[in-house]
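I opened my notebook for a first walk through this model. Here is what I looked up, entry by entry.

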Amino acid sequence: MPSHSEFIPFHRPAIGEDEIRSVVETLESGWLTTGRKVKSFEDDFARYVGSKHAVAVNSGTAALHLALDAVGIREGDQVIIPTMTFAATAEVVLYFNAKPVLVDCERDTFNLDPGKIEAAITSKTKAIIPVHFGGQPCEMDQILDIARKHNLRVIEDAAHALPAIDHGRTIGTIGDITCFSFYATKTITTGEGGMATTENPEWAERMRMMSLHGISHDAWKRYTKEGSWYYEILYPGFKYNLTDIAAAIGIEQLKKCNEFWETRQRIAMNYAKAFADLQEIQVPSCRNNVQHAWHLFVIQLNLERLKINRNQFIEALREKGIGTSVHFIPLHLHPYYRDKFAYKLEDFPNASAAFECIISLPIYPKMTEGNVRDVIVAVRKLVQEYRR
Ligand SMILES: Cc1ncc(COP(=O)(O)O)c(C=O)c1O
């Protein structure tokens, strides 16, 4: 039985009156799809991360797909990605009939291991997609050096990394193109949505055009005083445009991005302090000189010191009224990647070992101090109950 009355879910989006008012205003404006709100959201976002261009789309996956298209990924190419990621990072490579080449993660941060990248590079390799796991920036200097040496593009998967900073550089301004997600559980949300940032005007233009059928004008220019009925299809594009309804939420969420981050940072510090004395649990390790976005707080169980495994620990937490998750089931363990590319467990020792012992705890601005305390109490109780 939970010691507290309310179930604490793994995540609850922080939607307030401002977002609701903004959506209602948009609905009443008569303009629902891509228009002025999307343009404002893009401008606000570019200003916030400090990038020259920001292209809003309807998911982080769409942003990754458009980014790979913009830098010229073609059939038969290879793209290096970490195995410790979500389906999206790999599947966008497969959209081109190109090959996602999986690389192991670092054992402590779960980020792409720069020391293992070069062994995976072939004459067909065209790009690297580092994923800032949980919101902690990857070793970008090392990754950029490797990319420069081998003439590869760097598309950052920053689905978790708003706002994050690596050695003074904001995530969104470092690689060739950076892709963010505004899925419901992310650090800011539009329900579904994404953004691609870049310094390169041609890539920005290409992504913008391909996000709306490869058409040379976007809809609001076509149907308002600024535009005309005329358009040309330059390429067979996609239907990836963000709606003004979603952008209306995004504009308000972005205003609160710093405040949300401060709350998550405080929760992370509370957890870290509360579990510091437990040999049975390892809290996330942080690189020096980075700002971690704290999208996730992933603990590792020291299974040798516990009588239960990770799945049982998750179940016991659920019984105590705490929702958790697992990030991620590494790609090489999924049937599609395992069977198609003949990946084995031992090809990725760090990710394979991590998967056995990781649990993502709730960390979001809607958590009350009481909720955080309840999570801490529940975890500590389970450790006491099941320690060897
Ligand atoms: C690492 C990573 N990359 C990409 C995505 C895809 O983002 P979206 O759901 O907005 O398409 C997600 C998540 O949901 C993710 O966790």
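**Entry 1: K256 and its neighbours**

I began with a polar contact of 2.9 Å between the side chains of K256 and E19. By polar contact I mean a pair of N or O atoms within 3.5 Å; within protein, one must be able to donate a hydrogen and the other to accept it, and residues adjacent in sequence count only if both atoms are side-chain atoms. Before going on, I noted that this is a predicted model, where local features need pLDDT of at least 70 and side-chain atom pairs count only at pLDDT 80 or more, while totals for chains, interfaces and linings use all residues. Residues are numbered from 1 along each chain as its sequence is written, and side-chain values use heavy atoms, with hydrogens and water left out.

I found K256 in the loop between α8 and α9. Helices (H or I, at least four residues) and strands (E, at least two) are DSSP runs, numbered from the N terminus. Is K256 buried or exposed? K256 counts as buried because its relative accessibility is 15%; buried means under 20% relative accessible area, exposed over 50%, and partly exposed in between (1.4 Å probe, protein chains only). Leaving aside residues up to four places away in sequence, K256 touches G16, D18 and E19, where contact means heavy atoms within 4.5 Å.

**Entry 2: Helix α8**

The twelve residues of α8 (residues 244-255) should span 16 Å at 1.5 Å a residue, and the end C-alpha atoms are 17 Å apart, which agrees. The expected span is 1.5 Å times one less than the number of residues. Ten of the twelve residues of α8 are buried, among them D244, I249 and L254. I saw that the buried residues of α8 pack against α1 (17-29), α2 (36-49) and α9 (257-275).

**Entry 3: Around the ligand**

Which residues come nearest to the ligand? Of the 16 residues around the ligand, they are G60, T61, D157, S181 and K186; a residue is listed if one of its heavy atoms lies within 4 Å. A polar backbone atom of G60 is 2.8 Å from a ligand oxygen atom. The side chain of S181 has an N or O atom 2.7 Å from an oxygen atom of the ligand, and a polar side-chain atom of K186 is 2.7 Å from a ligand oxygen atom. On its own the ligand has 390 Å² of accessible area, and the protein covers 93% of that (Shrake-Rupley method, 1.4 Å probe; for residues, only the protein chains shown count as cover).

**Entry 4: Strands**

I then traced an open sheet of three strands, in the order β10-β12-β13, with antiparallel pairing. Its edge strands, β10 (281-282) and β13 (358-361), each pair on one side only. Two strands pair if DSSP finds at least two bridges between them. Four bridges join β12 (residues 297-301) to β13, and F297 stands opposite L361.

Elsewhere, β2 (residues 78-82) and β4 (residues 125-128) pair in the parallel sense over three bridges. β4 also runs parallel to β5 (residues 153-157), joined by two bridges.

Last, I looked at backbone angles. The peptide bond from L162 to P163 is cis, with omega near -5 degrees, and P163 sits in the loop between β5 and β6 (165-166). N97 is not a glycine, and its phi is positive, near 55 degrees. With 54% relative accessibility, N97 counts as exposed.
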